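Have a look at the structure first, and then we can go through it together.

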Amino acid sequence: MSNIEKVFNKGKAFIPFITAGDPSMETTINLVIEMANAGADIIELGIPFSDPVAEGPVIEEAHIRALSRGITTDIIFDGIEEIRKTCDVPIVIMTYANPIFTYGTKKFMKRCQEVGVAGVIVPDIPFEEREELLPFCRDYNVTMISMIAPTSKERIRMIAKEAEGFIYCVSSLGVTGVRKSISNEVEEMISLVKEEKDIPCAIGFGLSTPEQAAQMAKISDGIIVGSAIVQMIAEHGDDCISHIFNYIKEMKKMLIN
Amino acid sequence: MSKSRFGDYGGQFVPETLMNALIELEETYKRYKNDPDFVNELNDLLNNYAGRPSRLYYAEKMTKDLGGAKIYLKREDLNHTGSHKLNNVLGQVLLAKRMGKSRVIAETGAGQHGVATATAAALMGMECEIFMGKEDTKRQALNVFRMELLGAKVHAVTSGTQTLKDAVNETMREWTRRITDTHYVLGSAVGPHPFPTIVRDFQSVISKEVKKQILEKEGRLPDLVMACVGGGSNAIGMFYDFIEDKEVRLIGCEAAGHGVDTDKHAATITKGTVGIFHGMKSYFCQDEYGQIAPVYSISAGLDYPGIGPEHSYLKDINRAEYVPVTDDEAVDAFEYLSKVEGIIPAIESSHAVAYARKIAPTMDKDKIIVICLSGRGDKDVAAIARYKGVKVYE
C-alpha cells in the first residue's frame, strides 16, 4: 500500500491545493509544513503553467503570479526537498501535461522519487493518454491519480478499474473555483467507483465552506480544497500562513465530527 | 499509428469532463461523413450558400512581373464570409445539429472563423457565442460588430496575451462548463482528436477542387502548392489531396513577425519544440520548462503558438516544408497583390503571397505554383493603414 492510500485508513482526508511559488517559494515551503501541522493529510502542490485550461480565474492568477516571480519546475523540486527535511506529509504534484513532457517525463518522475513526491495529478491526461506518463510513473514509484467527472458516466468503471492511490472526483462541470452548492451527482459517481474497486475517493472542485466539507465527507473518503485557499494567498500574500492554518483546522474538524 | 494520431502527434489531451463529448463527436462524424443525406445537405450549402467551387485564377500580371513560374490563386477569399473558414463551419454545424445541440461556441483570432460560425448559426437558428482575445477585438473591431450583427454574443478574453491562444483556452473552459447542449466549433486543424481530422476533411474540398481545376486548365498537377499556416486549416485543406502526389512540393508559410531571431514571432515549426497543449501533441513555441511563449504576428489569424498535429507529422517525414515570413514581407505582399492583380488579400494569406514572390522567380517558366488565397483583406485595411502610419477612421 502506498503512502497515499495509508492516509485514508486514518479517516476522512483533508487535501489542500496551493500553487507552488505563490507568492514565493519560501512561503510555499512554510505553508506546506504549517498546513500539515493544521491537519492536512495530503498536500496538492501545483506546478504553475502558463495556460491552465482546467482552472478558473483564482488559480489561473496564482499560476501567473508564480511564473512572473520566475518560479520554475527545478525551484519547486528543490523546495520540496527542503520541506522533506522536517515534514513527511504526502505531497502530490498537480500540473499539466506540457510542463512534465517538456521537462522530460522520465527526468520529471525521477526527480519526484528523489525529493519524495508520492503522486501526480494531470488534468489534461485522460485515461486514453495515460501511457504518456504511466510507464515512467511505475519506474519511479510515483502514483498517477485518475480523475472522474459528472460527464464520465460509463467511463467510471473503466477508469476505476485501473486507478491507483485515490480517485479525484470532480464535483461539477466547468473549471476550478468556489461554488455555492454542489450537486448530489457525485454521490452516484462514487458508488459506481466502489462497485468496481475498493479505492478511496476524494471530492474536489467548488468546495470552500465547513458545511460543504461536512456534507461531502459523508459521501466520500476525503475532500480537496483549492480556490478558497489560493484566494487567501491572493489576499494576504506572505502573511497568509496563519489564516490558512486556522481555516484548515476548522475544515478538518468538520471531517472528524 | 493510433486512430487519434499522425505519427506521434495529435492525441486527446483534455480534461476528463470533455472526453465523452469528443467520443460522441467522433462517433457522429463516422456515422455521417459518408451518409448520402448528410453529404448532399453539406454540398448543397457549399455550392448554393457558400458559393463553391471557388475559382482557380491565373495571376497573369503577377506571373509576368515575377518572371518565373506560372502563378495560380485559389480564391477562397471569394467564399461567402470572405475566407475558407466557412467550409469547416458548415460541416461542423450540421454535425452539431445531428447531435441535437442547440448552441455553438467558437474561438476566433482575426475574426474570420467567428464570423463564419456566427453566419452558420444564424442560418441554422442556433445560439452562438464567440471568444476573441481582447487585443484582437481591437485589431479587428469591424469583425466584432459583424458577428454581433449576425446575432452572436462576442466575449473579449482578457487572460494571458489576449490573443488566439487565450481565446482557445476560454472556449475550452466554456465547453467544460456547458457541454450538454453546446458544440465547440473548433476553427483550425488543431485541438484534441477528432478535431484535426474533421477540420482537415471539411477543408480538403480546397485541394480536391484545385486538383480538378488545374487538370482542366493545365492538364497536369502543379509543381508547388502553398498556403499560410497558423493552426493550419487552410494549409492542410490545400495540401491534403496532394500529399500522395510526391512530385507536388508543399510549402506552409509561418508568421515570423519582427523576425525569427527576435522574440516577436509565431514561427512554430521554425523555432518551436514538441510539446502537449490545447489537446494535442505537436510543435509549440515554448520555454525549456514547457511554458507557452507569448507569440506575435501582425496577422491575428496566424498569431498562435502551436500548429496542427498533421503539419508536425508532414514536417517530420519531410513531406511538407515550412518557411518563416515577416510582418514587413507580408505587408509588402498585401500591397503588391492589391496593385498588381486588383485583389486585396487577407494579411494571413499575404504571408503565402510574400513567399511566392521570393520563390517564383527562381523557378522555370514552365513550372506551376498554386497559392491558397485563404481570405480577403477588407478586414485588414484599417490595420495596414495604422501599420503604415496612415490615419483612417473605420
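Predicted model: local features only at pLDDT ≥ 70, side-chain atom pairs only at ≥ 80, totals over all residues.

Over all chains, the structure holds 16 aromatic pairs.

## Two tilted pairs in chain A

One of the aromatic pairs joins A:Phe8 and A:Phe166, with 5.6 Å centre to centre and 50 degrees between the planes, a tilted arrangement. The pair links distant parts of the chain, 158 residues apart: A:Phe8 belongs to helix H1 (residues 3-9), while A:Phe166 sits in the loop between helix H8 (155-162) and strand E6 (167-170). Both A:Phe8 and A:Phe166 are buried.

A:Phe77 and A:Tyr103 make another tilted pair, at 5.9 Å centre to centre and 55 degrees between the planes. A:Phe77 is part of helix H4 (residues 73-84) and A:Tyr103 of helix H5 (residues 97-103), so this pair ties together parts of chain A that are 26 residues apart in sequence. Buried is the word for both A:Phe77 and A:Tyr103.

## Lysines over rings

A:Tyr103 has a further neighbour: A:Lys107 lies over its face, 4.3 Å from the ring centre. In chain B, B:Lys70 lies over the face of B:Tyr58, at 5.0 Å from the ring centre.

## Cysteines without disulfides

How many disulfides does the structure hold over all chains? The count is zero. Take B:Cys253: the closest cysteine sulfur, in B:Cys228, is 7.7 Å from its own sulfur, which is too far for a bond. B:Cys253 is buried, at 0% relative accessibility, and B:Cys128 is buried too, with a relative accessible area of 6%.

Conventions
Residues numbered from 1 in each chain as written. Chains lettered and ligands numbered in written order. Heavy atoms only, no water. Disulfide = S-S within 2.5 Å. Buried < 20%, exposed > 50% of the residue type's maximum accessible area, 1.4 Å probe, protein only. Phe/Tyr/Trp six-rings, centres within 6.5 Å; stacked < 30°, edge-to-face > 60°. Helix = DSSP H or I, 4+ residues; strand = E, 2+ residues; numbered from the N terminus. Lys NZ or Arg CZ within 6 Å of the ring centre and 35° of its normal.
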